[in-house]
Amino acid sequence: MNGDNSRPYYLLHITSHENYDRIDKVKKILVSKHDTKKGKIQWLGDGIYFWDPDDDDALKLGKNLVKGKSHKNECVGIYINVDIEKNKHMNLENDSWYQLYMKFIKKCFPERYSALANYMEIIKTQDKIDTQTLNEVGEITGTTINFFVKTLFEKERIDIDMISGYFYHGKNKSVIFKRNEKMIRQFCIKKGNLVNDTIENWIVKYNI
C-alpha cells in the first residue's frame, strides 16, 4: 500500500476471555454482522469494531459493553496496527462524508431519516436515554450505512475499508457521529482480512 495515500492506525479491540480463546483457535476475529431480526445492533454496520487505546473513556466503555455480554470479570485487549487508505476511510466527523451519508438516507430512506431526526431531538431534550431508544437509533444507522457502502461500491466503485464516528455516552448531546463533549470515537473495519492479515503483529493483553 502506498504510504503517501494511507495512514497508520493503532487500534484496540476488546473482547471476553472466552471469545479470545475462539479467536486464538481460528486465528482471526470474525466480522460482526448488523442483524436487526436477531437483535444484533452494529451502529456503523458490518465490521470488526475498535476503540482508541489512548482514550480512557473508550477503554472503560468497551470493557463495560463486553462485561454485559459475559460472566467473565476481566477483558482481553487486542492491539493492532493497520494502514488504511485515506480515500477508503469514511470518517463521519468529516462534513463531506457526513452530508453525503445524510443526503443518501434522506433520498433512499426518507422514513428513517425522519425517525433519526426525531431520535436526535429525544437525545437532546432528555437527561437519560433508555437502551431501547439507543438501539432504535443503531438499527437505523447500521442498516443505512450498510446500504450506503454497498451503493458507493456498485455505482461509483468506491470501496470503503473503515468507518469511524463519535457517539454520546454519558452527558446527552443532540449530535451523532461528530465530536462533542464526552463523545467517544469508534472505528469499524469493514473487511476481516485487513485485521487478520496483521495477526503476527497483534499485541494481546489479558485482564485489561
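## Strand pairing

Two strands are taken to pair if DSSP finds at least two bridges between them. In this predicted model, strand β1 (residues 6–16) and strand β3 (residues 75–85) are joined by eleven bridges, and the two strands run antiparallel. Within this pairing, Ser16 is placed opposite Cys75 of β3.

Strand β1 is mostly covered, with eight of its eleven residues buried.

## Overall architecture

The protein contains six helices and seven strands. Read from the N terminus, its elements follow the order β-α-β-α-β-β-α-α-α-β-β-α-β. Of the 208 residues in the protein, 45% are buried.

The aromatic pairs number eight. One of them is formed by Tyr10 and Tyr79, whose rings are stacked, at 6.0 Å centre to centre and with 25 degrees between the planes. This pair links distant parts of the chain, since Tyr10 belongs to strand β1 and Tyr79 to strand β3, 69 residues apart.

The two partners fall into separate accessibility classes. Tyr10 has a relative accessible area of 34% and is therefore partly exposed. Tyr79 counts as buried because its relative accessibility is 11%, and the cut-off for that class is under 20%.

## Charges over rings

Tyr79 also takes part in a contact with a charged residue: Lys205 lies over the face of its ring, 4.9 Å from the ring centre. The ring of Phe153 has a charge above it as well, namely the charged end of Arg157, which sits 4.1 Å from the ring centre.

## A buried arginine without a salt bridge

Arg185 is located in strand β6 (residues 183–189). Arg185 is buried, yet it has no salt bridge.

The side chain of Arg185 does make a polar contact with the side chain of Ser164, at 3.2 Å.

Notes. Residues numbered from 1 in each chain as written. Predicted model: local features only at pLDDT ≥ 70, side-chain atom pairs only at ≥ 80, totals over all residues. Heavy atoms only, no water. Buried < 20%, exposed > 50% of the residue type's maximum accessible area, 1.4 Å probe, protein only. Helix = DSSP H or I, 4+ residues; strand = E, 2+ residues; numbered from the N terminus. Phe/Tyr/Trp six-rings, centres within 6.5 Å; stacked < 30°, edge-to-face > 60°. Lys NZ or Arg CZ within 6 Å of the ring centre and 35° of its normal. Lys, Arg positive; Asp, Glu negative; His and termini not counted. Salt bridge = Lys/Arg side-chain N within 4 Å of Asp/Glu carboxyl O. Polar contact = N/O pair within 3.5 Å; in protein donor to acceptor, adjacent residues only side chain to side chain.
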